[in-house]
Amino acid sequence: MNTFTISALDTLVNEKVKAQIKETIDQKTKPLGSLGQLEALAFQLACVQYAQTGQLKIQADKAQMLIFAGDHGIAQHGISIAPSEVTSQMVLNFINGGAAINCFCRVNNIDLKVIDAGIKLPVTADHANFIVKRIAAGTNDITQRAAMTIEQAERAIQYGAEIVQQQITNGADLMAFGEMGIGNTSSAAALLSTLTGEAAELCVGKGTGINNEQYKLKLTLIKQAIERCNRTQTQAQSQSQYQTKKTPIETLAQVGGFEIAQMVGGMLATAQAKKCILVDGFISSIAALTAVSLYPASRDYMVFCHKSEEFGHQLIINKLNAKPLLDLSLRLGEGTGAALAVPLIRSAAEFYNNMASFSQANVTPV
Ligand SMILES: O=C(O)c1ccc[n+]([C@@H]2O[C@H](COP(=O)([O-])O)[C@@H](O)[C@H]2O)c1
Ligand SMILES: Cc1cc2nc[nH]c2cc1C
């Protein structure tokens with residue numbers, strides 16, 4: 001089992017330092033609170049920076065986008081607008097620079113890497129932006145059996161952590177988590193329902209844009225997967241005299257995905273390194289919820305970049321008490337919402353680091 005050492009920001013940033021950060025923000029040449037949500041963002045960035053380096057100058061230049069790709073057995077039922085083959089085709093598109101996320105990373109100076117976490121059809125590409133960390137050729141159909149073994153879930157978490165640790169060694173300041181995987185909104189919805197106990201109806205959405213008939217089938221299949229998961233007794237559960245809940249790792253193995261599990265490991269490694277985790281849409285957020293279920297302190301390092309159109313996303317946002325930076329009706333994934341939020345994050349860092357205070361600018365304090 002992977003273990004991480006993750007400290008809550010409250011234990012690393014004392015009240016005096018927090019007051020100093022707040023004072024720095026309040027003394028900038030502007031009416032109090034007038035930079036709105038950017039002020040809360042700057043406060044979080046400064047706390048994370050202090051926890052990491054003991055310094056108060058925020059570093060947010062080097063942003064790293066990681067796109068984890070994986071396939072899903074449940075996709076064979078036609079619950080997406082596209083077949084699983086499209087996952088591999090899009091992976092090649094990412095490698096070749098042709099997808100939406102490539103455009104947003106290019107224009108915002110974000111380095112991009114694509115990870116094959118377990119796509120159905122492996123792609124052959126020898127490119128510095130492509131990392132192969134395959135667990136298997138897609139997960140099992142979660143309506144019939146566990147998506148993966150516990151060993152595979154743990155290995156995926158380990159791989160995700162190793163990928164992030166390498167990027168941190170290379171100097172990344174911000175770590176953004178995107179994904180690609182036909183069928184992964186089904187897996188994410190099943191995870192959301194099993195982790196939180198919320199009804200499937202509140203967790204399932206239309207993903208890539210399926211029609212009403214496909215939606216009905218998707219909901220039925222996800223309910224089947226959730227019931228199967230709840231029926232499946234783990235060894236620990238059957239040996240206990242009490243009714244015990246599955247652990248988040250067991251739930252991940254039952255209904256998760258390889259790309260989701262690798263994102264969980266990557267997010268935990270980012271929090272362990274005391275760097276900011278940029279969370280994208282629905283699937284990235286379910287990885288965040290799983291990470292927080294495992295290590296609650298990891299929440300402190302997360303920036304929720306946008307609110308996805310996917311129906312269940314608001315539920316995750318509420319559970320994690322988050323206030324996403326953007327609301328652009330996106331439902332693409334790939335890390336697109338996170339990439340679009342990077343300029344806002346850098347802007348928050350820039351005003352915190354370099355905007356003049358009232359005394360520096362000789363402006364009468366208000
Ligand atoms: O991140 C989101 O909010 C999001 C919402 C809807 C769809 N997606 C993307 O669409 C794919 C999953 O949709 P589906 O219909 O195949 O389950 C996967 O590649 C995701 O990146 C992503
Ligand atoms: C074309 C396409 C691109 C995507 N990017 C993320 N999910 C996707 C799903 C499809 C179908």
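This report looks at the surroundings of two ligands and at one annotated residue in a predicted model.

## Around ligand 1

The shell around ligand 1 holds 21 residues. Of these, S80, G207, G281, S308 and G333 come nearest. Helix α7 gives the most, with three residues.

What classes of residue make up the shell around ligand 1? Eleven are polar, five are nonpolar and five are charged.

## Around ligand 2

Ligand 2 has its own set of neighbours. They are I81, A82, V86, M90, M180, T208, L332, G333 and E334. Six of the residues in this shell are nonpolar. Two are polar, and one is charged.

## A closer look at E334

UniProt, in an unreviewed entry, places the feature "active site" at E334. Where does E334 sit in the fold? It is found in the loop between α14 (313-319) and α15 (336-354).

Is E334 buried or exposed? E334 has 29 other C-beta atoms within 10 Å. A residue counts as buried at 20 or more, so E334 is buried.

Which residues does E334 touch, leaving out those up to four places away in sequence? The contacts are I67, A99, A100, I101, G178 and M180.

Conventions
Residues are numbered from 1 along each chain as its sequence is written. Chains are lettered from A and ligands numbered from 1 in the order in which they are written. This is a predicted model: local features need pLDDT of at least 70, side-chain atom pairs count only at pLDDT 80 or more; totals for chains, interfaces and linings use all residues. A residue is near a molecule or strand if its C-beta atom, placed from the backbone, lies within 6 Å of it. Ala, Val, Leu, Ile, Met, Phe, Trp, Tyr, Cys and Pro count as nonpolar, Asp, Glu, Lys and Arg as charged, and the others, Gly among them, as polar. Helices (H or I, at least four residues) and strands (E, at least two) are DSSP runs, numbered from the N terminus. UniProt positions are given in the numbering used here, feature names are shortened, and annotations may be inferred rather than shown by experiment. A residue is buried if 20 or more other C-beta atoms lie within 10 Å of its own, exposed if 12 or fewer, and partly exposed in between; C-beta atoms are placed from the backbone. Two residues are in contact if their C-beta atoms, placed from the backbone, lie within 7 Å.
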